[in-house]
Amino acid sequence: MRSVNALLVLTNLPDRPAAEALANALVEARLAACVNILAPCRSVYRWQGAIEAAEEVPLLIKTSSERYAALETAIRSHHPYTLPEVIALPVVQGLPAYLAWVDSETRGPD
């Protein structure tokens, strides 16, 4: 089995329909093996000099580092925000079979 460089990518969407649409697009394009759509949360942030608050729907996206650039492009093209949060965290350890699955699901069909 080849080495897997898995990533956990975080982003937030303004509502559940937008979150589901993005999750489906990413998995369909094999840019993500799995996307968890979490419960809405309240975000407080500074935007253009003002403190803002909004309800958002967080996504946890599992992908490979090889697919990150294409994943980021897809998120930006489908995302309604001018400046979406896109943060990638390296997965340093995990169940080997799960990481192999992430790898296989983010590669094109052989």
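Mentor: Before we start, a nonpolar core is a set of buried Ala, Val, Leu, Ile, Met, Phe, Trp, Tyr and Cys residues joined through side-chain atoms within 4.5 Å. Keep in mind that this is a predicted model.

Trainee: Okay, how many residues does the largest nonpolar core have?

Mentor: Val9, Leu26, Leu59, Ile61, Leu71 and Ile75 have the most contacts inside that core. Strand S1 (6–13), H1, strand S4 (50–64) and helix H2 (68–78) each give it two or more residues. In soluble globular proteins, nonpolar side chains tend to be buried together. The count for the largest core here is 17 residues.

Trainee: And valine 27, is that buried, partly exposed or exposed?

Mentor: Valine 27 sits in helix H1, residues 16–28. Beyond its neighbours within four places in sequence, valine 27 touches Ala32, Ala33, Cys34 and Val35. Buried would need under 20% relative accessible area and exposed over 50%. Valine 27 comes in at 36% relative accessibility, so the label is partly exposed.

Trainee: Which strand gives the most to the lining of the largest pocket?

Mentor: That pocket holds about 300 Å³ of space. Its lining includes Ser43, Val44, Tyr45, Arg46 and Trp47, along with others such as Asn12 and Glu56. With five residues, the top contributor is strand S3 (residues 41–47).

Trainee: How many charged residues are in the lining of the largest pocket?

Mentor: Look at the list and you'll find Arg46, Glu56 and Glu85 among the lining residues. Arg and Glu both count as charged. Next to five nonpolar and three polar residues, the charged ones number three.

Methods. Residues are numbered from 1 along each chain as its sequence is written. This is a predicted model: local features need pLDDT of at least 70, side-chain atom pairs count only at pLDDT 80 or more; totals for chains, interfaces and linings use all residues. Side-chain values use heavy atoms; hydrogens and water are left out. Helices (H or I, at least four residues) and strands (E, at least two) are DSSP runs, numbered from the N terminus. Buried means under 20% relative accessible area, exposed over 50%, partly exposed in between (1.4 Å probe, protein chains only). Contact means heavy atoms within 4.5 Å. On a 1 Å grid over the protein atoms alone, a cavity is a set of points where a 1.4 Å probe fits but cannot get out, and a pocket is an open set with protein on both sides within 12 Å along at least five of seven lines; lining residues have an atom within 4 Å of a point. Grid points are joined across faces, edges and corners, and a volume is the space filled by probe spheres set on the points.
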